[in-house]
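Have a look at the structure first.

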Amino acid sequence: MIHPMNESPLKVDRPSLTVHCDYLVIGSGAGGSVAARELALAGKDVVVVEEGPYLPLEQFRGPVGSLTRKLYRSGGVTPFFGSPSVAFAEARCVGGGTTINGGLLWRTPAWILEEWGRIHGLTLYSEQVLKPHFVTIERLLGVRSTVHVEGNEDSKLLARAARSLGWKVSAARRALGNCQNTNRCPTGCPTGAKRSVALTYLVEAQEHGARLMPNVRVCSLTHEAGRITGATGLFNGNRVNFIADRYFLAAGPIQTPHLLKRSRVRSSAGNQLRFHINLKFVARFSSPIRADVGTIFTEQVQEFEKQGLYMMASNCLPHYVAATLSHQSRQEVESVLTDFANVGLFVAQVRARAGGRIYSPFDTPIVMQSIPSEDLLRIGFALKRMGELLFKAGAVKIYLPLRGELGVTSSLELQGVLDRMVPQRLELITVHAMSSCPMAASPDRGTVDEYGKVWNHSNLWICDSSTLPDNIGESPQGTIMAVAHEILRQHVSQH
Amino acid sequence: MDKDRLARRLIPFVYALCPYSERLAPQSVCSIAREVAAILCLQSRPISFGVLVYLWIFSVVVGVKCQSDSSTLDRMTCTHALEHSRFPIWGLFRKMLSTLIALNAFDYMYLHDPSDERKSA
């Protein structure tokens with residue numbers, strides 16, 4: 001059911017010293033919330049633990065900086081070490097990524113599912129299998145194509161330019177009620193228009209008896225003879241124990257494998273992290289576009305989808321512009337911000353082949369990554385296409401995500417920059433990571449089987465982005481939730 | 001990790017990296033430094049240790065005094081040195097610092113959040 005706006009409908013429980021339940025769900029994001037709802041609907045006694053806080057809607061009106069500190073891990077900048085390094089923005093709050101994303105929800109493209117079968121040997125996931133799950137997700141989250149309304153001039157400019165070039169443009173499909181254009185998607189929608197799982201799935205789970213415990217960090221799993229016997233967590237610095245019959249792990253692409261490694265459940269977990277590479281562009285226009293009036297974006301350029309490139313506008317606030325230009329001099333940043341009404345923030349999302357590896361020698365994981373030469377070609381292609389598109393849209397100066405380069409004012413200058421591009425100077429970020437505990441047809445190729453069950457463990461399942469077999473290119477919320485639904489459907493039918 | 005010590009080391013970097021830092025009151029600069037230090041301390045120990053080492057080496061190399069009453073000269077020295085830094089291994093820490101500073105600085109520049117102002121207008 002869709003709850004009325006301006007509600008904060010979840011209630012939170014405090015853990016006692018030892019918590020007993022049928023099912024412990026670790027993580028409350030796109031995957032964990034599906035597990036919570038489906039298990040609760042099946043009449044199971046479910047406890048959902050979440051490392052981050054629960055923030056009611058009214059708190060999403062607060063300052064962007066302090067909300068970023070509360071809602072994101074490491075203040076929004078989790079480093080992936082490498083050359084160049086990549087900054088990962090990862091949610092750490094009730095609702096996970098669905099609380100702080102743009103609510104974009106795409107169905108998994110058929111050709112991606114075909115790859116899963118052909119390359120990874122997975123036979124369970126087809127369009128036919130996932131379709132009913134997408135229908136359910138779209139109904140519960142109120143997913144629909146976004147229509148242009150007042151504002152969003154940045155998105156309109158980009159879409160018009162793409163159409164004039166004959167490029168494919170698609171309306172964004174988002175989990176959305178009546179968007180008020182507050183432009184606050186990355187720090188939680190203050191009006192409740194964005195239908196995060198904290199307003200939908202978790203509410204329904206609670207209505208059917210699930211208990212939600214935020215601010216609990218699960219530090220380790222205990223196991224014996226291929227069976228998880230308990231989980232130990234920290235709540236306000238105090239140790240709490242959870243004893244369940246079965247465990248669903250959905251702590252995200254970094255924390256899920258980290259927990260498996262730290263607990264010595266699966267040492268190979270985290271060996272194959274995949275992520276999108278986001279290239280952010282700041283563009284100056286000759287007249288005001290007021291990119292801060294609007295929402296994340298209303299249309300996406302998908303002409304180069306099969307080459308692994310999507311282009312779109314992004315939420316534009318001074319904070320994000322300054323952060324994007326962090327490689328520029330302070331004077332240059334100030335000059336751009338002084339012209340803020342004429343400035344837009346845009347992103348090219350690249351489906352990278354880059355691989356990361358998660359190491360767990362400490363309480364918090366260390367992520368190392370390397371970017372292969374084929375990705376550098378993709379990045380060069382993305383820089384060129386996005387540059388062309390922005391100039392076509394009327395940009396007079398574009399700041400590329402390249403350290404040491406000032407803005408470019410023409411296609412010729414852009415080409416010059418690309419010709420002398422040094423990969424180590426790329427300023428890369430990512431907001432989507434996945435595949436760190438991939439599904440596979442055999443235990444030597446992945447962490448879980450097609451049903452999400454951790455190989456060689458009888459009562460542990462994973463249902464978050466880490467199980468996706470490969471980088472999917474598009475925003476992954478829809479795919480994560482649909483795959484989680486299928487995992488849960490199979491599970492509930494057997495238990 | 002000593003958060004206050006890290007915050008003190010960060011102050012010249014806030015001056016150097018934060019847009020419009022000269023418009024900020026010194027106590028706001030200190031607050032930004034404290035908040036960024038708190039975030040860094042929440043990171044894993046090797047990262048915060050790495051940042052501290054980076055700040056220490058950088059401070060020694062360019063002679064930046066890491067005190068709360070950082071002078072104009074210190075700011076200019078730090079700014080100049082950061083802009084001309086050719087140490088790629090420090091790129092990540094510089095990027096983390098400047099991004100965190102940017103994300104946190106604007107809370108101190110607006111009496112009201114800009115989107116709230118727009119809504120009430």
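A salt bridge here is a side-chain nitrogen of Lys or Arg within 4 Å of a carboxyl oxygen of Asp or Glu. By that rule, the side chains of A:Arg69 and B:Glu35 make one, at 3.1 Å from N to O. Keep in mind that this is a predicted model.

**The interface overall**
- Chain A and chain B bury about 3,400 Å² between them, with 58% of that on carbon and sulfur atoms.
- On the chain A side, A:Arg69, A:His319 and A:Arg330 give up the most area to chain B, together 19% of what that side buries.
- The contact draws on 44 residues from chain A and 35 residues from chain B.

**Polar links and who supplies them**
- The rule finds 1 salt bridge across the interface of chain A and chain B.
- Polar contacts between chain A and chain B come to 8 residue pairs, both residues at pLDDT 80 or more.
- Several elements of chain A each bring at least two residues to the side touching chain B, among them helix H2 (64-71), helix H9 (318-324) and strand E19 (428-430).
- H10(A) provides the largest share of that side, 6 residues.
- By type, the side of chain A that touches chain B splits into 17 nonpolar, 17 polar and 10 charged residues.

- The predictor scores the complex at an ipTM of 0.82 and a pTM of 0.92.
- Chain B has a mean pLDDT of 69, and 51% of its residues reach 70 or more.
- Within chain B, confidence is highest in helix H2 (residues 26-42), at a mean of 85, and lowest in helix H6 (residues 114-120), at 41.
- Residues 111-121 of chain B have pLDDT below 50, though this stretch has 16 contacts in the model beyond near neighbours in sequence.

Note on methods: Residues numbered from 1 in each chain as written. Chains lettered and ligands numbered in written order. Heavy atoms only, no water. Contact = heavy atoms within 4.5 Å. Buried area = accessible area lost by both parts, 1.4 Å probe. Polar contact = N/O pair within 3.5 Å; in protein donor to acceptor, adjacent residues only side chain to side chain. Helix = DSSP H or I, 4+ residues; strand = E, 2+ residues; numbered from the N terminus. Nonpolar A, V, L, I, M, F, W, Y, C, P; charged D, E, K, R; others polar. pLDDT = per-residue confidence, 0-100.
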